[in-house]
Amino acid sequence: MSDPAVDVVEFLLTAHTYTEAEDLDEGDLPPRYRQVFWSDGSIERPLAVTQDRARTATGVDHPWDAVSDLLFTQRTEFSGEISLTQPDMALEWYLDRVEDERIAANPTLAHAARNEDSVSVTREGAREDNQPIQADRVWIDSLLDEYFDEEEDAEMLDLVHILAPEEIETTLDDLVLTNDQNDEVDKIVTAIENRDYLASIGLSEIGKILFVGPPGTGKTTISRGLAHELGLPFVEVKLSMVTSQYLGETAKNVEKTFEVAKRLSPCILFIDEFDSVAKTRKSDEHAALKRAVNTLLKSIDDISLVRDEVLTVAATNHPDQLDAAAWRRFDEVVNFPKPDRQMREDILRIITRDMQMAAFDPDEVAEATEGLTGSDLRMVLREAVLQALTEGRRELTQDDVMSAVQGFEERDNLKNMDDFDNWTGSPGSGNKSDNEGHDHSHDGSHEHEVETEASDD
Ligand SMILES: Nc1ncnc2c1ncn2[C@@H]1O[C@H](COP(=O)(O)OP(=O)(O)OP(=O)(O)O)[C@@H](O)[C@H]1O
Ligand SMILES: [Mg+2]
């Protein structure tokens, strides 16, 4: 890390400048600073720097000790607040020690240094790069408080889950994507960057995407990775929860979820298990559920990337169960096939990146793992690591990995004996599912198609 004194002075200068300059707002404070000043849904002036706040914002354990030697700092005995006695001197001192790059990450300081010839960063430039407050955890929490009272909380937490971008650990670099998927990511990023242009030419019907593919092929991960990459909050709705009987005011909650997404915008709204809608529409469900589902479809119609800055992504394992009304909602459909041999090899390299490997041959493993998804491969490697650990080893051999593959396949066989998607012909299997046999064969043939497309044989 950098010099603790510089870190604490930066924080003091920021608090001072923000307090003085009334035209600055939350968007001028770096996220790690505004979280400590956030209270009851806003940031109130003056910004008082207590030891605790300084510690949390800067990561310096003893903030006062770090700056007590400097001529322009003081601490109030009673409150323990730290402040600047001579802000101009503090600014000179600070600017002598940092590069423009650092100021570019703090719009308030860029504003403070606006008359300095040596500094070329502008407040506007820094603001554009600064994460919007809507992406901060504190802001998300206060928004949720506003929308959902405590009674509804438990229910809502099952239904919708919101992640701030900094809470998302997966990045797109951790994923192996098909060319189609890469193109789609590029398209999304470009569309978001050119929102204003798209609006000006009347193209508002974009930004609703359906991800289709078997479990464990990266649909959730790529969506989260996008949120991380773009610095956007990630609003995840589990649709099976919407259609669960135990939810009371479901339609209302669906509406609220979309309202929350709009308030959080720009953000990504991820609707998982989208097929559960179709099922509900087909079967003879409760009127309340029908209403909820219709509300959902209508809400999807009403939300727009261009107008509301919400990118809507839905995911399904069962595309054959979606009816025309559901398909029609999406302007792009992206296929998530099971990975082909080359992709499996690349995925294996990524998974083992930080592991100690001896004579590891990902090519051979890829050859032996036809039909496995990225998620399966992760599970295989986890088994191999655990097995080696129980034998007192951290370094993995090719044998470890190959026998984990073997183990996985045995397990998979057991699982399939109870899996109606892959099991036909045996009496009693019909009891396992609440669908008709007709649907199963559809499902099976779809999975087959996907595999051929991924050029495995
Ligand atoms: N193409 C891939 N490259 C790298 N890792 C992958 C890939 N596909 C899946 N994985 C890994 O598998 C795990 C599960 O993926 P994820 O949850 O995104 O699958 P999913 O398609 O959303 O599945 P489901 O349909 O069951 O929700 C993640 O840890 C992810 O890193
Ligand atoms: Mg998923």
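I began with the ligand and found an oxygen atom of ligand 1 at 2.4 Å from an N or O atom in the side chain of Thr-221. The model is predicted, and I read this distance as a computed value.

I then looked up the other polar contacts of ligand 1. Thr-220 places a polar side-chain atom 2.7 Å from an oxygen atom of the ligand. At Val-176 the backbone is involved instead: one of its N or O atoms lies 2.8 Å from a nitrogen atom of ligand 1. I noted the cover as well: of the 630 Å² of accessible area that ligand 1 has on its own, the protein covers 79%.

Next I listed the shell. Ligand 1 is surrounded by 15 residues, and Gly-216 and Lys-219 are among the closest. By class I have eight polar, four nonpolar and three charged residues. Helix H13 (219–230) and helix H22 (374–390) each give at least two residues to this shell.

I turned to the rings and searched the whole structure, which gave six aromatic pairs. One of them, Phe-11 with Tyr-33, is edge-to-face, at 4.9 Å centre to centre and 70° between the planes. Phe-11 belongs to helix H1 (residues 4–20) and Tyr-33 to helix H2 (residues 31–37), 22 residues apart. I found both Phe-11 and Tyr-33 buried. Phe-234 and Phe-270 are stacked, with 5.6 Å between centres and 25° between the planes; the pair links strand S7 (residues 234–238) to strand S8 (residues 267–272). Both Phe-234 and Phe-270 are buried.

Terms used. Residues are numbered from 1 along each chain as its sequence is written. Chains are lettered from A and ligands numbered from 1 in the order in which they are written. This is a predicted model: local features need pLDDT of at least 70, side-chain atom pairs count only at pLDDT 80 or more; totals for chains, interfaces and linings use all residues. Side-chain values use heavy atoms; hydrogens and water are left out. Rings of Phe, Tyr and Trp (its six-membered ring) pair if their centres lie within 6.5 Å; planes under 30 degrees apart count as stacked, over 60 as edge-to-face and the rest as tilted. Helices (H or I, at least four residues) and strands (E, at least two) are DSSP runs, numbered from the N terminus. Buried means under 20% relative accessible area, exposed over 50%, partly exposed in between (1.4 Å probe, protein chains only). A residue is near a molecule or strand if one of its heavy atoms lies within 4 Å of it. A polar contact is a pair of N or O atoms within 3.5 Å; within protein, one must be able to donate a hydrogen and the other to accept it, and residues adjacent in sequence count only if both atoms are side-chain atoms. Accessible areas come from the Shrake-Rupley method with a 1.4 Å probe; for residues, only the protein chains shown count as cover. Ala, Val, Leu, Ile, Met, Phe, Trp, Tyr, Cys and Pro count as nonpolar, Asp, Glu, Lys and Arg as charged, and the others, Gly among them, as polar.
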